[in-house]
Amino acid sequence: MGARRRGPRELRGRCRPRGVLPGDLTALCEAGARYLREEPSVSVRITGAVVRLRRSGPRGEGGVRLRVLAGAEVPHVRLTLDEEDYRIAGQAHLVGLPVRVQGRLESRGGFRRLTGVRGVVPVQVDDAERDRLMKSLQENLDFFGEACGGD
């Protein structure tokens, strides 16, 4: 039976802060790069609000960014959807509904990406959550209008 790994809360009283010396930077950078390279992908089912839709033309696959509401402990995730799933995500976004998707959560250069995406479906939410999502959408639209010189 192996030793149990301790989390940050359990170690809080035992560890003293340590300074980082210039000689430590190389090892820290290498460890960070190794972590990003070797971080395993995980199968997840995520519920998220569509915050960005982008594709090169009026048809075909497109990129989507979701603000994660449930299913993963990351704030946002990017994914590429085929034409039909992109249409579903766009319609859900327009009516203020989140979507649920399944796939493999991967880390790519600091960004989280969902690959092998399947099962894109709109999710019904209670009235309070829907109002919160619509308010968030409206705030983003107000910002967009201001950025483009609108009143």
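Author: Two residues are in contact when heavy atoms of theirs lie within 4.5 Å. The model discussed here is predicted.

Reader: Of the contacts in the chain with a separation of 6 or more, what share comes from residues 24 or more positions apart?

Author: The count takes in contacts with a separation of 6 or more. Among these, residues 24 or more positions apart account for 52%.

Reader: In which element of the chain is confidence lowest, and in which is it highest?

Author: Over the chain, the mean pLDDT is 79, and 75% of the residues reach 70 or more. Where pLDDT is low, the predicted coordinates should not be read in detail. Confidence is lowest in helix H1 (residues 8-11), with a mean of 56. At a mean of 93, it is highest in E3.

Reader: In what order do the elements of the chain run from the N terminus on?

Author: The chain holds four helices and five strands. Read from the N terminus, their order is α-α-β-β-β-α-β-β-α.

Reader: In what order do the strands of the closed barrel run?

Author: The barrel is closed, has five strands and shows mixed pairing. From one strand to the next, the twist averages 50°. The order of the strands is E1-E2-E3-E5-E4.

Reader: Which residue of E2 is the bridge partner of Ala49?

Author: Leu53 has Val64 of E2 as its bridge partner. For Ala49, the bridge partner in E2 is Arg67.

Reader: Which residue in the turn of the hairpin formed by E2 and E3 has a positive phi?

Author: Five residues lie between the two strands of the hairpin. The positive phi, about 105°, belongs to a residue in the turn, Gly71.

Reader: At what angle to E1 does helix H3 run?

Author: Helix H3 covers residues 83-95. The helix lies across E1, E2, E3, E4 and E5 (111-122). Its angle to E1 is about 65°.

Reader: Is Glu106 buried or exposed?

Author: Glu106 sits in strand E4 (residues 99-108). Buried means under 20% relative accessible area. The value for Glu106 is 17%, so the residue counts as buried.

Reader: With the side chain of which residue does the side chain of Glu106 make a polar contact?

Author: Beyond its neighbours within four places in sequence, Glu106 is in contact with Ser41, Phe111, Arg112, Arg113 and Thr115. The polar contact between side chains is at 3.3 Å, and the partner of Glu106 in it is Thr115.

Reader: How far apart in space are Arg113 and Ser41, C-alpha to C-alpha?

Author: In sequence, Arg113 and Ser41 are 72 residues apart. In space, from C-alpha to C-alpha, the distance is 9.6 Å.

Note on methods:
Residues numbered from 1 in each chain as written. Predicted model: local features only at pLDDT ≥ 70, side-chain atom pairs only at ≥ 80, totals over all residues. Heavy atoms only, no water. Pairing = 2+ DSSP bridges. Buried < 20%, exposed > 50% of the residue type's maximum accessible area, 1.4 Å probe, protein only. Polar contact = N/O pair within 3.5 Å; in protein donor to acceptor, adjacent residues only side chain to side chain. pLDDT = per-residue confidence, 0-100. Axes fitted to C-alpha atoms, helices over the stretch in contact; angles between N-to-C directions.
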